[in-house]
Amino acid sequence: MEVILTDSASLAADAVANEILDALETKPNLVLGLATGSTPIEVYRRLGAAHHKEGVDFSKVHTFNLDEYLDLPGDHPQSYKYFMQEHLFDHVNIPQDNIHFPPSEGDNLVRRCREYEQKIREVGGIDIQILGLGSNGHIGFNEPTSSLKSRTRIKTLTAKTIKDNSRFYSDGEEQPVVASTMGIGTIMDTKRILLQAFGKKKAEAVRNAVEGPISSLCPGSVLQLHPLTTFFVDSEAADLLTMKDYYLATIRENDRLRAEGRL
Ligand code: F6R
């Protein structure tokens with residue numbers, strides 16, 4: 001696991017977006033795993049700008065979103081489909097048929113969750129997965145105590161997640177408490193993971209995920225077993241990390257080796 005201590009969320013967004021754009025140059029049919037929430041918005045803004053200003057082509061890209069609230073239709077402003085449309089899909093040229101969400105309406109959800117996994121396999125797996133981190137350590141909607149090998153399925157949200165996300169709902173508005181989500185096993189199968197975490201309220205989850213024991217109580221901690229994961233954390237989110245000097249030294253040495261053309 002690589003930990004990048006970033007001076008600002010904006011620098012992290014630059015790095016994440018640039019890695020996606022570089023990958024797109026070598027693989028136009030890139031398969032992206034996408035997150036919603038506040039954290040990735042700036043990355044999506046940069047991808048939209050790259051399309052508009054530099055003509056970057058997304059027409060062969062496939063996307064798979066991590067999660068969606070159960071029974072919120074796509075035109076509901078709090079649905080993740082709506083969020084993605086607003087923040088990314090309206091600003092790039094990804095064909096509608098290439099955009100995928102885990103099933104969240106109708107029946108046969110177990111079977112359709114299996115089909116979601118199948119669709120990911122059919123396009124050759126997810127090349128780059130964008131992740132945020134819940135303040136309780138969740139990734140996707142894999143809440144604490146989720147099976148570390150879980151696949152796409154229906155999950156009930158914890159009271160903490162419901163409270164964290166209540167900021168998006170007005171008083172009296174009904175908030176969903178169940179969602180469909182890629183599993184932890186699904187996320188672990190992705191080839192590259194770029195996780196961003198910003199702000200004080202993520203500090204404990206970042207410490208547990210990066211330096212804690214691998215435990216289903218902090219689902220993000222399983223990323224310690226992923227061969228190619230980078231955590232981008234700002235100073236507030238990094239506050240409780242004990243090995244900050246080492247992470248900084250690693251960045252320094254890697255930059256030096258890269259400048260020497262040896263990496
Ligand atoms: C959303 C998702 C969640 C969020 C996490 C952080 O698709 O998968 O795991 O990444 O809850 O949310 P924000 O970014 O709003 O702090």
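# Notebook: positions looked up in a predicted model

**Entry 1. D71.** I began with D71, which counts as exposed because its relative accessibility is 52%. I note at the outset that the structure is a predicted model. D71 sits in the loop that runs between strand 4 (67-69) and helix 3 (80-87). I then read its backbone angle: phi is positive, about 70°, although D71 is not a glycine. I record the background to this reading: most residues other than glycine have a negative phi.

**Entry 2. N108.** N108 is a residue other than glycine, and its phi is near 55°. I located N108 in the loop between strand 5 (99-100) and helix 4 (109-122). Is N108 buried or partly exposed? I found a relative accessible area of 47%, so N108 is partly exposed.

**Entry 3. The whole chain.** I next took the overall figures. The protein chain contains eight helices and 10 strands. Its C-alpha trace spans about 55 × 40 × 35 Å along the principal axes. For 263 residues, a compact globule would have a radius of gyration near 18 Å, and I noted that the chain's value of 18 Å agrees with this. Of those 263 residues, 52% count as buried. I also checked the contacts with a separation of 6 or more, and residues 24 or more positions apart account for 79% of them.

**Entry 4. Surface and charge.** I then read the charged side chains. There are 29 positive and 37 negative ones, and the centres of the two sets lie 5 Å apart.

**Entry 5. The nonpolar core.** Which residues touch the most other members of the largest nonpolar core? I found that this core has 71 residues, and that I20, L47, F58, L223, V233 and L241 touch the most other members. Helix 1 (residues 9-26) gives the most to this core, contributing eight residues. I followed L47 further. Leaving aside neighbours within four places in sequence, L47 is in contact with A17, I20, L21, F58, L88 and V92.

**Entry 6. I187.** I turned to helix 6 (residues 184-188), where I187 is found. I187 counts as buried because its relative accessibility is 0%. What does I187 touch, not counting residues up to four places away in sequence? I listed L66, L131, I139, G140, N142, M182, I193, L223 and H226.

**Entry 7. T63.** I placed T63 in strand 3 (residues 62-65). T63 has 0% relative accessibility and so counts as buried. Not counting residues up to four places away in sequence, T63 touches L32, L34, F89, I94, N98, I99 and H100. I also looked at M84: T63 and M84 are 21 residues apart in sequence, and 11 Å separates them in space, C-alpha to C-alpha.

**Entry 8. S180.** I found S180 in strand 8 (residues 178-181). At 0% relative accessibility, S180 is likewise counted as buried. Its contacts, not counting residues up to four places away in sequence, are L66, D67, E68, P102, P103, S104, R153 and I154. I then took the distance to E236, which is 56 residues from S180 along the chain; their C-alpha atoms are separated by 30 Å.

**Entry 9. S235.** Where is S235 found? I located S235 in the loop between strand 10 (229-233) and helix 8 (244-259). Its relative accessible area is 56%, so S235 is exposed. I checked S235 against D7: the two are 228 residues apart along the chain, while their C-alpha atoms are separated by 6.8 Å.

Methods
Residues numbered from 1 in each chain as written. Predicted model: local features only at pLDDT ≥ 70, side-chain atom pairs only at ≥ 80, totals over all residues. Heavy atoms only, no water. Helix = DSSP H or I, 4+ residues; strand = E, 2+ residues; numbered from the N terminus. Rg over C-alpha atoms; globule rule 2.2 N^0.38 Å. Buried < 20%, exposed > 50% of the residue type's maximum accessible area, 1.4 Å probe, protein only. Contact = heavy atoms within 4.5 Å. Lys, Arg positive; Asp, Glu negative; His and termini not counted. Charge placed at Lys NZ, Arg CZ, Asp CG, Glu CD. Core = buried A, V, L, I, M, F, W, Y, C linked by side-chain atoms within 4.5 Å.
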